[in-house]
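Work through the exercises below with the coordinates open. Try each task before reading its solution.

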Amino acid sequence: MSELAQLVLNGLANGAVYALMAVGFAIVFNATHVFHLAHGAVLTFAAYCFYLLVAVAGLNLYLAVPATVALSALFGCFIELGIYAPLRARGAGSAGLMIASLGFLLLCQNIFAIVFSTDVLTIRSGGLAIFELGPLTVTSLHLADGVVAIVVFLALQAFLTRTQHGRAIRALADNPQLAPVVGIEARRTYVMVMAIGSGLASIAAVLLTWDLGVQPAMGFLIVFFSAVAVAIGGHGYLPGALVGAFVFGVLQQLATWQLDSRWQNGVTFAAVLVFLALRPQGIFGARLNVRKA
Amino acid sequence: MGYLVTLLTIICIYTMLTASMDLILGYAGLFSFVHAALCGVGAYSAAFVMLKLGWGFVPSALVAFAATALVAQATAMITVRLDEHYFILGTFCVGNVILSIFENWTDVTNGTSGLYGIPVASLFGWTIAPGAPYLVFCVALTAMVLAVKWRLVSAPFGIALQAIREDEIVAAVLGHHVRHVRTVVFVIGAAMTALAGVLLACYLRYLDPTSFDFPFTILIWAALFVGGSVGTVGTVVGPAILVLFPEALRFVGLSGPHVANVQQALYGILLILLMMFRPQGFFGHHSVR
Amino acid sequence: MPILEVKSLDLSFGGLRVLQNVSFAVEARTITSLVGPNGAGKTSVFNVISRLLKPSGGEVWFDGTRLDTLRADQVARCGIGRMFQDPRIFAGLTVFENAMSGTRLRANHPWHALVRDRATRREWDDAEVRVRAILGDLGLGGRLDDKAESLSFAEQRFLSFARCLAAEPRLLLLDEPTVGLDGQSIGGLIERMRRLVDRHGITIILVEHNMDVVLGISDRVHLLVQGEVVASGSAGEIRQHAKMIEAYLGDRYVAADP
Amino acid sequence: MKIMTGSGIALCVVAALSTTTIAAAEDTTPIKIGLSQIASGVAADYWSRQVNKPALLAIDDANKNGGVNGRKVVGILEDNQGLATTGAAVAHKLIEIDHVNMIFVAPTPAVLATLPIAETAEVPVISTSISPKVAQSPWGALAQPPADRQGEAYAKFVIAHHFQRVADLTGQSDSDTIASNAFKSALTKAGIKIVDAETYEVNAQDFTAQLTKIRASNPDCFLIQSLSGATYGFILKQMAQLGFRPPTILTYYQIADPQTRKLAGDLVDGVYFIEIPVDPEWNARVFRPRMGYDADGNGALAYDAIALYLDAYAKSGTDDPKKIRETMLNYQGYKGAVGAWGYNGQPVTQVQYRVSRMKPGGGTEVVP
């Protein structure tokens, strides 16, 4: 029993990092309709930034974390202004944007590999401090992961519902046909959304770097995992991404319960497929009868 | 000479995969991320019957067709209902499941050690020697696949595919059963990748799960976008460029460490530039939008 | 015996009721218009008939077949053609391919596409001849191999009309076909609609804002307001209720010169 | 990395030049060694440190000592990306364009795609992979103990120390799986209970699910297998975070990779591992001064595999690849980087593993 509880706990801890990524991915996907695979590149970029600021420049954490978030937000703006906006101006649609996004992910991943080598770079070593809850253990960082994920999410929700900029983002998400009508407004909102989404990814990157270190390939799988989490949660509903991420994190762990762990990946994704077969619109997604109509 | 024959053989096999991707992605607009894994299903099932039962090329290829079509049918049942982007995720999930089976169903796939000692291809008792004879065989089969594809898409079936790609709602209102047509084209495309898989198995004479991982699918995407989606010339030129370019790098002294990283980075830049300046690729008739 | 019967249709999204108890019948070989202010639910009626939306209540019957339990493509195969408000042509295909996409042939099946026996070939050839004729009739005969995206807006509209006709429908749902067309084109379109009804026995339902067009060709008019049918009658009857229409629709909809 | 790029380019230039001058007199033609190895991807940097560079160093040393019978030795490094498809293309390139005398190839997928090609072309293949298939080929030789022997070495340790409850965590790679199976069957034969056996994906970073299950089985000896130091680091860290530390942890020598200590800190202290013994004198005299880091078992074996082959080439006094291979397999009294060893007539190296332990604060010590 305690084994099962520990698996769920591990899953929630991993889910918190997926959640930050998934919410960032979802907000970009909802508002700009770009299947933003380069979100993985933002994660890796932020992780190397954080590594350089802390391990090389010797900044303390109180300076390094905000600096990482700011640099990553700028990086997100750069992706929007340097790649997505010109592509849109040339008439590219969602498919073209996605392919370019994938291209950018490949590009960054390999540039990082050339510059930083494929070794894992770390800023701290050894195990993290743990709390014991009876037979269960959880690390301080993973506890923090969960708190950070939820606090950041609540702050984001408040921003989206309470402020004018937030409402502009939601308006774009709800009515994609609005974009050409509002023109410049939309373009500004896109940049803002990319900055926010990248900021969220950078927080995930900081937490991951503190825990596991940095590797050039770290963004590839995690961006797909977070996209799967968004699919599980349901398209177009932000809290869905959060829930989907925790569900996916727990699912990955439970896939090994009572089963040989060599099937972990297979069982996890088979379960996701079964779920998508039964409920293609995700947990919270509304079934839309008319798509694109 | 054998080196060139090798490269041409690989180009043939990749052409077959790219042509099938063109059918699925170019014509039908389905971004399949499970392409390499389906190729693996074909390769493994054929290699298994060749090794365990000693069957020749034709019956093995038929087994590969059947197995791959079955897997593709199951995949399509779940994924064609998903919206454009979620189709990628659905096929990503299927790919993971298939790779996990390659790694773990050791009785059939021999797990991570892979299947070794696959016999050279034999056609009704005649052995097709590796090298030039096998290349001729591959060229013939690739030409056949390209011909089949051309015949399919030059008929109203091809128009229906493209109509669905352009606007599935309008296509449905015009009487096209979107889900059915997508399933059919996905299964046909999968059968083509299966044939490519069988050729790959007989060429390498060794199979392991890493050969069918996601980067391989991305390579085929890149080949399609470079050559150009919707068309025949592009599906030959794209793979030719992507196979010959890195090999050419070996001869200009650019073969140090990181060369594969440089290569991959170039693919990344290429994809961005293509989408920006030439979304129809070099020879395609359709701009990816 | 009406060819299409819409029986107490309800449609709601979340809490929003889009259609309430909408009922009307359409006689064969007639032109029926749905009029009403924006957001009255006219296009939603079309979406329910062509089964792009599933009604929350009510039934749709077409020539003895119940439509609301079918899929969109099955509805189309019953002989119902639909033109959207935007032309929604397939931008990446040629003009000819666009029109051909409306046909439903044996060669749409991959097996027949591959084997192409004589029956398939003949049917296909016939369809090509027919489609060429339709396109020629609509003035697109010279642009068969052009990409559809290169057409003007009016041409795109005609192309989407041709695509509809290629399917040889028995009932046509036309959603504001005259928007964006000049007077001459409108005249041509009206004449064509009349001819389709009189000579080819096609039934047409029209959603239209231009009251000249509505009153000029409709056999019957239904007025929809906030998802409900508030008035029905012949064109003549509606014309006499000009005041009522004005009250609901504003002067834009009143015929300038009856 | 810069040095490596430089030497890589230099090598290729040499290779290109030598290809063009192939028509020169027979006895001055260089002996060409084809290296079909990983030079990119996740494993690239470790591979470069402990396989590619040591092998090239052996060639360098041979040339410094006057070459083989006065002939120059040239190494041609090609990246096979660890893949079968690329491996096959590289094999054809090395054989048909470069006309190499021998192919030094790893890892398993690339080796097994290379073998059929090399057999047809009658070119010897020496591999530091662990696949037993290489030894079965008439042209193959394994310069690394095959993986089942690795598994037996683990078992020997467990049996000698009378452990009773053993758990096993294995990566999903060819070598780890074979070793793990050999380990488990040896323990079963000895009547020792395996309380839990778990598996992880090779590039995984999260092992908590597996470790949670193993923790519940409460082993007294825990065998962890991995081919990467970083993976060992993650696993040790996550064990500590689960409050799980069995009395004895047994691993493979990649744990001595500096990456592990960087990640896990002093958690690596006291961990046992089996390793190919590296001659410390050789490491201090030959390897460290020129490479700037220590060779591990892989590095030493890569060096030795090339050096032994070149020695055998010189000794055989012929260019016949078959005779050279025979000479190599029957070479007596070779002294190399891993001490005195040889093939003893079999196409498999007879080097023996030994058990060592991570010393607290850094370094390793041999366990008697």
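**Exercise 1. A loop residue in chain C**

Is C:Arg29 buried, exposed or partly exposed?

Solution. Start with the model: it is predicted. Next, count the other C-beta atoms within 10 Å of C:Arg29; there are 16. Buried needs 20 or more, and exposed needs 12 or fewer. C:Arg29 is therefore partly exposed. Now place the residue: C:Arg29 sits in the loop between β2 (16-27) and β3 (31-35) of chain C. Finally, check the backbone. The phi of C:Arg29 is positive, about 60°, although the residue is not a glycine. Most residues other than glycine have a negative phi.

**Exercise 2. Around helix α4 of chain D**

Solution. Step one: D:Thr114 belongs to helix α4 (residues 108-121) of chain D. Step two: D:Thr114 has 31 other C-beta atoms within 10 Å, so it is buried. Step three: set aside neighbours within four places in sequence. D:Thr114 is then in contact with D:Ser36, D:Gly87, D:Ala88, D:Ala91, D:Ile103, D:Val105 and D:Val125. Take D:Ala91 from that list. D:Ala91 and D:Thr114 are 23 residues apart along the chain, yet 5.6 Å separates their C-alpha atoms.

Step four: go to the loop between β3 (102-105) and α4 of chain D, where D:Pro107 lies. The peptide bond joining D:Ala106 and D:Pro107 is cis, with omega about -5°. Most peptide bonds are trans.

Step five: go to the loop between α4 and β4 (125-127) of chain D, the place of D:Glu122. D:Glu122 is not a glycine, but its phi is positive, near 60°. With 12 other C-beta atoms within 10 Å, D:Glu122 is exposed.

**Exercise 3. Chain contacts**

Which two chains share the most contacts?

Solution. Five pairs of chains are in contact, and chains A and B share the most contacts. That contact takes 42 residues from chain A and 33 residues from chain B. On the chain A side, α3 (61-89), α4 (94-116), α9 (218-233) and α11 (264-278) each supply at least two residues. α4(A) gives the largest share, 15 residues. By class, the chain A side holds 30 nonpolar, eight polar and four charged residues.

Zoom in on A:Val228. Beyond its neighbours within four places in sequence, A:Val228 is in contact with A:Phe248, A:Val272, B:Leu89 and B:Cys93.

Compare chains C and D. No contact joins them, and their closest C-alpha atoms lie 33 Å apart.

**Exercise 4. Domains and core**

Solution. The domain assignment gives chain D domain 1 (2-145 + 279-341) and domain 2 (148-275). Taken over C-alpha atoms, the centres of these domains are 31 Å apart. Eight residues of domain 1 are in contact with 11 residues of domain 2. The domain 1 side divides into four nonpolar, three polar and one charged.

Now the core. The largest nonpolar core has 426 residues. Among those with the most contacts inside it are A:Val228, B:Ile13 and D:Ile306. Helix α9 (residues 178-204) of chain B provides the largest share, 20 residues. Both domains of chain D give residues to this core, so it lies between them.

Terms used
Residues are numbered from 1 along each chain as its sequence is written. Chains are lettered from A and ligands numbered from 1 in the order in which they are written. This is a predicted model: local features need pLDDT of at least 70, side-chain atom pairs count only at pLDDT 80 or more; totals for chains, interfaces and linings use all residues. Domain bounds come from an automatic or database domain assignment. Two residues are in contact if their C-beta atoms, placed from the backbone, lie within 7 Å. Ala, Val, Leu, Ile, Met, Phe, Trp, Tyr, Cys and Pro count as nonpolar, Asp, Glu, Lys and Arg as charged, and the others, Gly among them, as polar. Helices (H or I, at least four residues) and strands (E, at least two) are DSSP runs, numbered from the N terminus. A nonpolar core is a set of buried Ala, Val, Leu, Ile, Met, Phe, Trp, Tyr and Cys residues joined through C-beta atoms within 7 Å.
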